[in-house]
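I begin with a question about helix packing and then turn to the sheets and the chain-chain contact.

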There are 2 protein chains.
Amino acid sequence: MSLGEFDIIAKYFARRQARSDVVLGIGDDAAVLNVRADRKLVLAMDTIAEGVHFLEQAAPEDIGYRALAVNLSDLAAMGAEPSWMSLSLSLPHADERWLDGFAKGLFELAEAYDVVLIGGDTVRGPLTVTVQVGGWVEHDRYLTRSGARAGDDIFISGVPGEAAAGLALLRAGAKQADAAVHLIQRFLRPTPRVQVGRGLRTVATAAMDVSDGLLADLGKLCEASGCGARLELEALPASPPMRTLFRGEECLQHALTGGDDYELLFTVAPTNVAALRDRAFAPIPLTRIGSMTSEPGVHCFLGGKEYVPARTGYDHFAQTDHR
Amino acid sequence: MSLGEFDIIAKYFARRQARSDVVLGIGDDAAVLNVRADRKLVLAMDTIAEGVHFLEQAAPEDIGYRALAVNLSDLAAMGAEPSWMSLSLSLPHADERWLDGFAKGLFELAEAYDVVLIGGDTVRGPLTVTVQVGGWVEHDRYLTRSGARAGDDIFISGVPGEAAAGLALLRAGAKQADAAVHLIQRFLRPTPRVQVGRGLRTVATAAMDVSDGLLADLGKLCEASGCGARLELEALPASPPMRTLFRGEECLQHALTGGDDYELLFTVAPTNVAALRDRAFAPIPLTRIGSMTSEPGVHCFLGGKEYVPARTGYDHFAQTDHR
């Protein structure tokens, strides 16, 4: 394999997309961007590694898609409009079929959100992909994790748990049923909720994306906001495909601790819930799943009684439970 | 080892540095930054991997330093003022001594340039470090690789080849002599030429940092500028420590192909050379090493005759010659 670093960039990554805010893109020592005085810059960086964030047999298209999706999800959680990305790709060897697929998955999503690749790095090493995305938000209208107040209603976009259920099916090698195809696709191709995040800017008090599981991430939102949460488990949105393939207890476990949905978790003051309902987020459901409390910690309720889940979440270093 | 991802961030990376342009730093889904209408945003991203960009026995302090230094060097080449960084750290396991040393090396350099860590990611995986740096440049006063014109003088900062000589000594296990210590330090702790780059903004026609070797990088500058170069090998700055420890031919080879100096290579129109000389860049020497030509390609001259080097440069994928 004689494909060099510069050939890789030229052949697979130097696409001729244009954006008025990108003055100088790939090819120099750094990229140069225009800024606007009425906007703030929003930046996120996420890394995905083989065997941790995607399976070893993952298709390169899905890896490319995921590398950007998890980052766009972070911008969505801030209410920002994505604009550009940098890519660092560590590859064991320059496999042209792999690169072609990876670039296809990456740019499919990038073009859908008008995100331009402005630079990055390609090195030889174990398969790891880091993407930094940048975007813009008007004035001070960005969303944080820290703005929730006791009494706010808690909402989730989409159907949490489906991606974790899909991952379980992938691992078990079960791909036949339509329900399984749907769930696996939810794991392989999570949709960053960019439009939802944009629409929440003037309505939500706090927001974050669910990457480590609903319970764990709600715990972080509570801690950042200095309050607690009461989660009504009956209110969690139902997933017919999950119910077809998993027992009730498993469905609940996936919904509470599944880490790959990239749905938005957010809080809204009761006086603003009507305004939230007025906005058109269809076809993505937004479901009220509980309320913020002054008592710290996340407490789950099922059938009127407190419910203590078996597991609460995921941490890359503290657990041996790889995903 | 039970240190989790959030503990790692809190203990080693969430330093309380302040900058007026950083509105929201580590801890949310993304960072938020103020921009100024009279500045452009400059962004660079570089990855360093064990066994490729640093030796397996490298001290964590030196790895942390290098991860930022190579990125600051890119900003220097654009004439930008560094401001913030994101860090993605892929680690096989959470070794506290390693993390402590890594953070020490990283922040030592960050604080010297008032660079704030605004976010990033920590994942379990093979040792790889990606840093994205951002900075600002006034209006359109950034430097590119593409502005050189035939007739421009070519300059290099510092003494190219010393880092490569230091790496050769490190590999050979030779660390006794003072000369060796100097050269090894030049490899382990390259100085990003930020002040030089800032000073060049209104004087140079083109600039880049030398990361893949003088010849290879000059070739890239020529290609980007649509011209060629005549390199006068006698003019290359002398390195007394190199001459103490290496034969003349080896010194020349290191100077032409050594990839780790991170010196600035730049071009200046002859009418501006006096202005360049007026600026105070001391103690960093700036040496004229040739001139740009209309004929494409890089041609070396030694004793009035054309000289063809044995090797020309480094490419991570095309060569098996790891560094």
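1. In which hand does α1(B) pass α3(B)? The crossing of α1(B) over α3(B) is right-handed; as with everything below, this is read from a predicted model. Helix α1 (residues 5-13) of chain B and helix α3 (residues 96-112) of chain B have axes that come within 10 Å and cross at roughly 45°, and an angle in that range is why α1(B) and α3(B) are described as oblique to each other. On the α1(B) side the contact involves Ile8(B), Tyr12(B) and Phe13(B), which meet Leu99(B), Asp100(B) and Ala103(B) of α3(B). Sorted by class, this contact of α1(B) with α3(B) has 5 nonpolar, no polar and 1 charged residues.

2. From α4(A) the contact draws on Glu162(A), Ala163(A), Ala165(A), Gly166(A), Leu167(A), Leu169(A) and Leu170(A), and from α5(A) on Ala180(A), Leu183(A), Ile184(A), Gln185(A), Arg186(A) and Phe187(A). By class, the contact of α4(A) with α5(A) has 9 nonpolar, 2 polar and 2 charged residues.

3. For chain B, helix α4 (residues 162-172) and helix α5 (residues 178-188) likewise pack at about 110°, with axes 7 Å apart, an angle that makes α4(B) roughly perpendicular to α5(B). The residues that meet include Leu167(B) and Leu170(B) in α4(B), and Leu183(B) and Phe187(B) in α5(B).

4. Turning to the relation between the chains, chain A can be laid on chain B with an RMSD of 0.0 Å by a turn of 180° and a shift of 0.0 Å along the axis. That is the relation of a two-fold axis. Within chain A, the C-alpha nearest this axis belongs to Ala37(A), at 2.5 Å from it.

5. Where do the chains touch? In all, 57 residues of chain A are in contact with 57 residues of chain B, and on the chain A side the largest share, 10 residues, comes from strand β3 (residues 39-49) of chain A. By class, the side of chain A that touches chain B has 29 nonpolar, 16 polar and 12 charged residues. Because 100% of the interface residues of chain A are also interface residues in chain B, the copies meet through the same surface.

6. One open sheet of 6 strands runs in the order β5(A)-β4(A)-β6(A)-β3(A)-β2(B)-β1(B), with mixed pairing. At its edges stand β5 (116-124) of chain A and β1 (22-24) of chain B, each with a single partner strand, so one side of each is left without a neighbour in the sheet. The twist averages 20° from one strand to the next. Within this sheet β3(A) pairs with strand β2 (residues 31-33) of chain B in the antiparallel sense over 3 bridges, and the bridge partner of Leu41(A) in β2(B) is Leu33(B).

7. Another open sheet, also of 6 strands and of mixed pairing, has the order β1(A)-β2(A)-β3(B)-β6(B)-β4(B)-β5(B). Its edge strands are β1 (22-24) of chain A and β5 (116-124) of chain B, each of which pairs on one side only. Neighbouring strands here are turned by 20° against each other on average, direction ignored. Helix α2 (residues 60-78) of chain B packs on this sheet, touching β3, β4 (81-91) and β6 (128-138) of chain B, and its direction makes about 145° with that of β3(B). Strand β2 (residues 31-33) of chain A pairs with strand β3 (residues 39-49) of chain B in the antiparallel sense over 3 bridges, with Ala31(A) opposite Leu43(B). Further along, β1(A) and β2(A) are antiparallel over 2 bridges, and Val22(A) has Leu33(A) as its bridge partner in β2(A).

8. Finally, in chain B, strand β11 (residues 286-293) pairs in the antiparallel sense with strand β7 (residues 153-157) over 5 bridges, Phe155(B) standing opposite Arg288(B). Strand β9 (residues 228-232) of chain B also pairs with β11(B) in the antiparallel sense, over 4 bridges, and there Gly228(B) stands opposite Thr293(B).

Note on methods:
Residues numbered from 1 in each chain as written. Chains lettered and ligands numbered in written order. Predicted model: local features only at pLDDT ≥ 70, side-chain atom pairs only at ≥ 80, totals over all residues. Contact = placed C-beta atoms within 7 Å. Nonpolar A, V, L, I, M, F, W, Y, C, P; charged D, E, K, R; others polar. Pairing = 2+ DSSP bridges. Least-squares fit on C-alpha atoms with pLDDT ≥ 70 in both. Axes fitted to C-alpha atoms, helices over the stretch in contact; angles between N-to-C directions. Parallel < 35°, antiparallel > 145°, perpendicular 65-115°, else oblique. Left-handed = near helix turned anticlockwise from the far one by under 90°.
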